[in-house]
Amino acid sequence: MEVGTEAAVEAALAQGNAARATAPTAANACSSRSHAICQLQLVRIGAVGEANTEAGAQQEGSVRLVDLAGSERKETAHQTADDPDRLAEMKAINSSLGSLKECIRLQFLRDTAADDTHVPYRRCKLTTLLKSSFVNHAPALPGAVSESVPRLCFLSHVAPLRSQAGLGS
């Protein structure tokens with residue numbers, strides 16, 4: 001949906017958030033039971049007389065906000081065993097998070113070891129939607145962190161791979 005004001009953005013986010021599934025879990029009284037991805041395409045049109053910009057020239061960028069549903073641990077799975085819908089939901093969430101972790105791990109290997117391993121982004125909807133966050137490496141701004149946020153979030157899961165690949169700590 002196209003929005004042009006801050007209030008319209010807030011309304012769109014509220015609408016999307018209202019559509020999210022939540023339910024109590026053993027770890028949290030109100031846990032997100034679905035993933036949320038909000039991609040903002042930002043377009044800036046240069047004003048007449050603006051320094052270093054032609055009048056009407058466009059600058060574009062995008063920001064992707066991702067809120068992943070929490071995973072369920074095997075120890076608490078027995079609490080959802082009586083509800084087949086919750087059990088299916090738990091399996092789907094854990095499966096998509098596992099696919100995301102595997103894509104990040106394999107992309108990390110490709111990036112660091114010049115490996116030509118296939119990264120299965122089409123394994124689930126989540127990784128299909130987030131693929132461009134990993135493979136389209138935009139040039140970093142001066143002084144900015146060059147790693148994408150999703151990759152940093154999973155660094156603790158792939159850090160042991162650095163020593164396996166002979167890259168140190």
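Lining the second largest pocket are 22 residues, of which A12, L13, C38, Q39 and L40 lie nearest its centre. Two or more residues of this lining come from each of α1 (6-18), β3 (36-45) and β4 (58-67), and β3 gives the largest share, seven residues. By class, the lining holds twelve nonpolar, seven polar and three charged residues, and the space in the pocket is about 570 Å³. The model is predicted, so that local features need pLDDT of at least 70 and side-chain atom pairs count only at pLDDT 80 or more, while totals for chains, interfaces and linings use all residues. Residues are numbered from 1 along each chain as its sequence is written, and side-chain values use heavy atoms, with hydrogens and water left out.

A pocket here is an open set of points on a 1 Å grid over the protein atoms alone, where a 1.4 Å probe fits, with protein on both sides within 12 Å along at least five of seven lines; lining residues have an atom within 4 Å of a point.

Strand β3 also contains I45, which counts as exposed because its relative accessibility is 54%, the cut-off for exposed being over 50% with a 1.4 Å probe and protein chains only. I45 lies 13 residues from Q58 in sequence, yet the two are 4.5 Å apart in space, C-alpha to C-alpha.

Helix α3 (residues 125-135) holds S133, which counts as buried because its relative accessibility is 18%, buried meaning under 20%.

Note on methods:
Grid points are joined across faces, edges and corners, and a volume is the space filled by probe spheres set on the points. Helices (H or I, at least four residues) and strands (E, at least two) are DSSP runs, numbered from the N terminus. Ala, Val, Leu, Ile, Met, Phe, Trp, Tyr, Cys and Pro count as nonpolar, Asp, Glu, Lys and Arg as charged, and the others, Gly among them, as polar.
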